[in-house]
Amino acid sequence: MAVRVTLERVSVHYGQRAGLRDLTLDVPPGEFLGVVGPSGSGKSTTLRVIAGLTRITSGRVLFDGREVQDDRPASRNVGMVFQQFGLYPRTTVKENILLPLRARGVDISTARKQVASLAERIGIETLLSRSVEEISGGEQQRVALARALIRKPPLLLLDEPLASLDVSLRSSLRNLFSELHQEQGMTVLYVTHDPLEVALLAQRVAVLEAGQLVQLGRFSELERQPATFFIAQHSAALPLNVGEGILNQELPGCWYLQVDQERLTLKGIPEGVSSTCAVSWTLNAHAVGASPGGTATTERIVSMLGIRLARIHGERSWWAVAHDGLTESSNAEISIDPGAVKLFRKDGTAIRILDQPNAKSR
Amino acid sequence: MRSKRFIVGALIFVAFAFVWFGPAGWLALSSFKHRIDLLDWNVQLKFSPTLNNYRGAFAHDEFGTHFVNSMLVATGSALAAVIFAIPAAFGLSLRPGRNRLLFLFLSARMAPAAALALPLFLVFRSVGLVDTLLGLTLAHSGLSLGFAVWMLKGFFDELPQSFVDAASVDGLSIFMTIRLASRAILPGLATTVVFSFLFSWNEFFISMILTGRRTSTVPIAVLGLVTPAGTLWGEVAAIATAAIIPAIISMVLVRGLLARGLTFGAFREAEWQSE
């Protein structure tokens with residue numbers, strides 16, 4: 001059971017400040033959508049609007065094509081998990097999970113059976129009689145998840161549910177979210193700051209900035225062609241090289257990026273750029289190679305996601321893929337794939353490189 | 001160095017304790033003295049103790065009745081004030097920025113008792129509530145209400161926003177939400193009851209206006225011991241000593257509850273994230 005969630009030109013204003021600006025988003029039934037963005041970008045506001053906890057200033061919110069923006073939260077049949085869990089203090093785990101059913105008039109024996117069954121699935125069956133203050137953060141989040149799922153909602157909203165948990169707990173709960181989504185097939189909107197979480201969980205990712213949707217697509221698309229500087233920074237699985245440089249035209253149709261003394265010839269023409277301009281750039285570590293020799297120094301070598309990476313100090317610091325034979329404290333030479341460089345204007349929007357012929361690094 | 005500091009600290013503590021508890025101790029001692037010893041202005045620690053003052057107060061001056069009256073009025077008014085304050089405080093907490101309304105609640109406590117006494121007396125007389133325990137209970141609960149709302153709002157403010165959000169999404173009725181919220185701030189609730197109880201227990205002026213001989217409370221009963229023939233200091237001391245006991249019990253309770261109540265904020269930040 002899943003629902004299609006559609007936001008049509010939704011705006012939310014808090015006094016003079018805009019929380020969301022003309023946000024349009026369509027989430028098909030059963031999709032696991034990641035929602036990311038910097039602080040204050042409107043991620044949580046989007047979930048609150050869908051849940052009915054925040055009133056919209058204009059626009060429409062539709063569930064399966066039916067307008068719900070004026071419906072109360074309870075009548076939307078949405079499950080929601082909060083970053084701070086939102087458990088009811090001084091109650092037991094069982095009471096917490098039972099309450100949404102009791103509020104809907106489910107008789108106590110049926111409700112207890114449902115709670116026992118779900119608690120077993122989520123792995124909290126031994127905690128049912130404990131007070132919520134007595135259990136750990138990870139257990140509290142499982143309880144919050146059970147409470148959100150007990151009504152079998154067709155839509156589950158997860159607002160940074162792992163933000164206050166440690167790494168090992170994150171991993172186990174991430175798996176649980178994924179399994180439950182597979183089993184129950186509900187639509188899920190998952191707000192997070194962590195690119196790893198969206199990469200592992202979400203089928204598509206919506207990126208919000210300043211209350212607007214700036215990119216929507218698969219994580220790999222975001223990584224390959226980020227629409228903004230923020231997305232480039234947050235969609236990289238490996239460490240990212242970031243800097244500022246000057247975009248120059250050497251000959252008509254031949255552009256290069258000046259980074260310190262390095263000149264990177266682009267494999268195409270930067271869209272919408274007609275003259276020399278200052279830009280921000282990013283380069284994934286896997287587009288930079290470090291081999292023995294040269295004048296730079298290898299500060300340290302680490303292994304991430306099975307890749308041997310080197311931190312190189314030269315005119316600037318680089319994260320690069322370490323070639324065989326490169327050791328810590330040894331000299332290193334950097335080679336860059338100019339085709340992988342991503343350029344951004346000062347306002348953070350991406351500069352697309354059109355028609356990429358041959359290019360070289362000098 | 002450390003022991004020197006300890007000694008200085010202890011001396012300061014003893015000095016403060018003497019200033020605070022000296023009069024109370026003197027009062028308690030006086031309640032066991034004969035009239036002749038009481039009127040001796042020299043401080044006498046050696047005297048032959050007597051229970052005559054207590055016998056007099058309880059037997060002849062119906063102190064027991066006044067004590068029961070005080071207990072009923074203070075308990076009833078504290079509970080009523082808190083029961084009415086809970087929804088008001090929760091509502092004010094949900095809708096921040098309504099401080100004017102909160103001030104309105106508190107203003108009843110700011111007005112001098114004399115300014116309230118006459119209107120209260122006239123209204124209560126017209127509905128037959130003068131010289132009744134119910135009337136005094138209502139008056140005291142009304143006076144405590146502002147303070148109770150203000151205090152409970154502070155505790156409700158400590159509840160995380162996600163609590164209210166979760167209740168909305170889960171479809172809990174407003175009554176269920178308030179019940180859960182009250183349960184969450186239980187130490188704060190109990191503390192408010194104790195403070196409201198103490199206010200009523202010690203209240204004098206309104207009680208004097210609204211009660212008669214049959215319904216008067218302990219503070220009014222003491223007034224009756226000031227007679228044309230002189231003040232019955234022994235009985236005054238006995239009644240004051242007995243009346244101070246519930247207040248002391250309340251303060252001990254409140255001390256423990258406040259410590260638990262005030263750590264409630266930390267529950268939100270630390271305990272909920274503890275692992």
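A helix here is a DSSP run of H or I at least four residues long, with numbering from the N terminus. The model on screen is predicted.

**Stop 1**

Select residues 43-51 of chain A, which form helix H1. Eight of these nine residues are buried, so the helix is largely enclosed by the rest of the structure. Buried means under 20% relative accessible area. The buried residues are Lys43(A), Thr45(A), Thr46(A), Leu47(A), Arg48(A), Val49(A), Ile50(A) and Ala51(A).

**Stop 2: chain B as a whole**

Show chain B by its secondary structure: there are 14 helices and two strands. Chain B has 275 residues, and 42% of them count as buried. Colour its surface by atom type next. The accessible surface of chain B is about 15,300 Å², and carbon and sulfur atoms hold 71% of it. Among contacts in chain B with a separation of 6 or more, 76% link residues 24 or more positions apart.

**Stop 3: a serine inside chain B**

Select Ser144(B), in helix H7 (residues 133-157) of chain B. Is Ser144(B) buried or exposed? Ser144(B) has a relative accessible area of 0%, so it is buried. Show what lies around it, leaving out residues up to four places away in sequence: Ser144(B) touches Ala81(B), Arg109(B), Ser196(B) and Phe199(B).

**Stop 4: where the two chains meet**

Display both chains and select the residues in contact across them: 31 residues from chain A and 26 residues from chain B. The size of an interface is often given as the accessible area lost when the parts come together. For chain B and chain A that buried area is about 2,500 Å², with 58% of it on carbon and sulfur atoms.

How many salt bridges cross the interface of chain B and chain A? The rule finds four. To view a salt bridge, select Asp170(B) and Arg147(A), whose side chains meet with an N to O distance of 3.3 Å.

Keep the side of chain B that touches chain A in view. Helix H8 (161-170), helix H9 (174-184), helix H10 (186-202) and helix H14 (264-269) of chain B each supply at least two of its residues. H8(B) gives the most, with nine residues. Coloured by residue class, this side of chain B shows 14 nonpolar, six polar and six charged residues.

Note on methods
Residues are numbered from 1 along each chain as its sequence is written. Chains are lettered from A and ligands numbered from 1 in the order in which they are written. This is a predicted model: local features need pLDDT of at least 70, side-chain atom pairs count only at pLDDT 80 or more; totals for chains, interfaces and linings use all residues. Side-chain values use heavy atoms; hydrogens and water are left out. Contact means heavy atoms within 4.5 Å. Buried area is the accessible area (1.4 Å probe) that two parts lose on being put together, summed over both. Ala, Val, Leu, Ile, Met, Phe, Trp, Tyr, Cys and Pro count as nonpolar, Asp, Glu, Lys and Arg as charged, and the others, Gly among them, as polar. Buried means under 20% relative accessible area, exposed over 50%, partly exposed in between (1.4 Å probe, protein chains only). Accessible areas come from the Shrake-Rupley method with a 1.4 Å probe; for residues, only the protein chains shown count as cover.
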